[in-house]
Amino acid sequence: MSLKPIRDEIDAIDSELIELFKRRMECSKKVAQYKLENGMQIFNPERESQVLDNVEERAGEFGGSARLLYSSIMELSRALQHDMLGSGTELKNKIYAAERNVPFNDKNVRVACFGVEGTYAHKAAMKVFPECRPAFYSPFKNVFEAISSGEADFGVIPIENSSAGSVTAVYDLMLRHRFYIAAAADIAVDHCLAVKKGTAFTDIRKVYSHEQALSQCSDFLNANKQIEAKDYVSTAQAAKMISEGEDMSAGAICSQDAAEKYGLEIIKRGFQNNPNNTTRFIVISRKMYIESGADKISLSFALPHITGSLYSTLCRFAAQGLNLTKIESRPRYGKKFEYMFYLDFTGTTSDKNVVDLLCALSDELVEFSFLGNYREI
């Protein structure tokens, strides 16, 4: 038996489906016009739920697949209606009014940097703002508070590491404060084991560092069971603490810069699990900046604990051919089994289709925030 007759039948059915899809989308235009004239909301969850339940029941053994198909069709229909009705005017105006030039080379710019001198965050701050003299804050929340109070124009904080993953505390603070991201910078992380002069490796019984650095060096720590890992505020602050103390059995996992800054001796280098270990830092601000050449967009939004809610949202990005580069979920404060999502994708607000998508989502999704369109320095 040949597949050709079956494939011919599929092609014929597909031709009919395409024409039916086009007719359905034309009807969506009429629905949009009616809603505009009668002041109605585009999203009607009760109506959509009824349609999807009916589709699933009628499709029999293919009920789940049919529901998924129609859910996508309805998402696309709503996107069309949003475009026609000009949704998200407030967000659109903010995007088009955004400042276009980040003052990277302004020596007077006020930068709040996590930790103390010698941290990887300090290195990131100087990469982004080479003329600045950063002020140092810890823990993470103090960087955010410095921006919120007006003490600082920008903050530099780690958001994720190629080995240890996301810095969840920073994601939680981003979702709470909804500051904008003005830039990002990747910093290669090459950890050192630093001690007071005169301390031998065999003397070490404990090492201090930030939890992310300890995680990045877990193979080394697991192989040296005699060394106890102790979480500290930051890598550089661990180095500073060791330098100021008298304990000859303690060391710090930190950068070479931090070890040199605080007069410590480096007795081991490059022992992180991943030789290509890299930390991504973001530059945050109360003010929206969108530079020419910005090619990454970050969003946050809430979704109910309903089957298919995340898929339905993500299919809108797929329909535009947009590449998602990260999605992070965090529990939604005060809600049971509901989540906030942090999403990165490759795109630019100079593309009208991208702006239209953002504006549509801003009208539909609970607690939606556009967190920025930026580039990596």
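How many residues apart do Lys-4 and Asp-8 lie in helix α1? The two are four residues apart, about one turn of the helix. Their side chains form a salt bridge, with N to O at 2.8 Å. A salt bridge here is a side-chain nitrogen of Lys or Arg within 4 Å of a carboxyl oxygen of Asp or Glu. Lys-4 is exposed, at 53% relative accessible area. Asp-8 is partly exposed, at 38%. Buried means under 20% relative accessible area, exposed over 50%, and partly exposed in between (1.4 Å probe, protein chains only).

The model is predicted: local features need pLDDT of at least 70, side-chain atom pairs count only at pLDDT 80 or more, and totals for chains, interfaces and linings use all residues. Residues are numbered from 1 along each chain as its sequence is written, and side-chain values use heavy atoms, with hydrogens and water left out.

Helix α1 spans residues 4-37 and contains Ile-6. Helices (H or I, at least four residues) and strands (E, at least two) are DSSP runs, numbered from the N terminus. Ile-6 is partly exposed, at 37% relative accessibility. Together with Leu-3 and Ile-10, Ile-6 makes a nonpolar surface patch of about 250 Å². Such a patch takes residues with over 30% relative accessible area and no salt bridge, with nonpolar side chains (Val, Leu, Ile, Met, Phe, Trp, Tyr) joined within 5 Å. Accessible areas come from the Shrake-Rupley method with a 1.4 Å probe.

The salt bridges number 29. Side chains of opposite charge can pair when their charged atoms come close. Glu-364 and Arg-78 pair with their closest N and O atoms 2.3 Å apart. This pair links distant parts of the chain, 286 residues apart: Glu-364 is in helix α13 (residues 352-364) and Arg-78 in helix α3. Glu-364 is buried, at 15% relative accessible area. Arg-78 is also buried, at 4%.

A further salt bridge joins Glu-367 and Arg-178, at 3.2 Å from N to O. Glu-367 lies in strand β15 (residues 366-374) and Arg-178 in the loop between α7 (168-177) and β5 (180-188), so this pair ties together parts 189 residues apart in sequence. Glu-367 is partly exposed, at 36% relative accessibility. Elsewhere, salt bridges that share partners join Glu-160, Asp-186, Arg-280, Lys-326, Glu-328 and Glu-376 into one network.

How values were computed:
Patches are made of residues with over 30% relative accessible area and no salt bridge: like charges are joined within 9 Å, nonpolar side chains (Val, Leu, Ile, Met, Phe, Trp, Tyr) within 5 Å.
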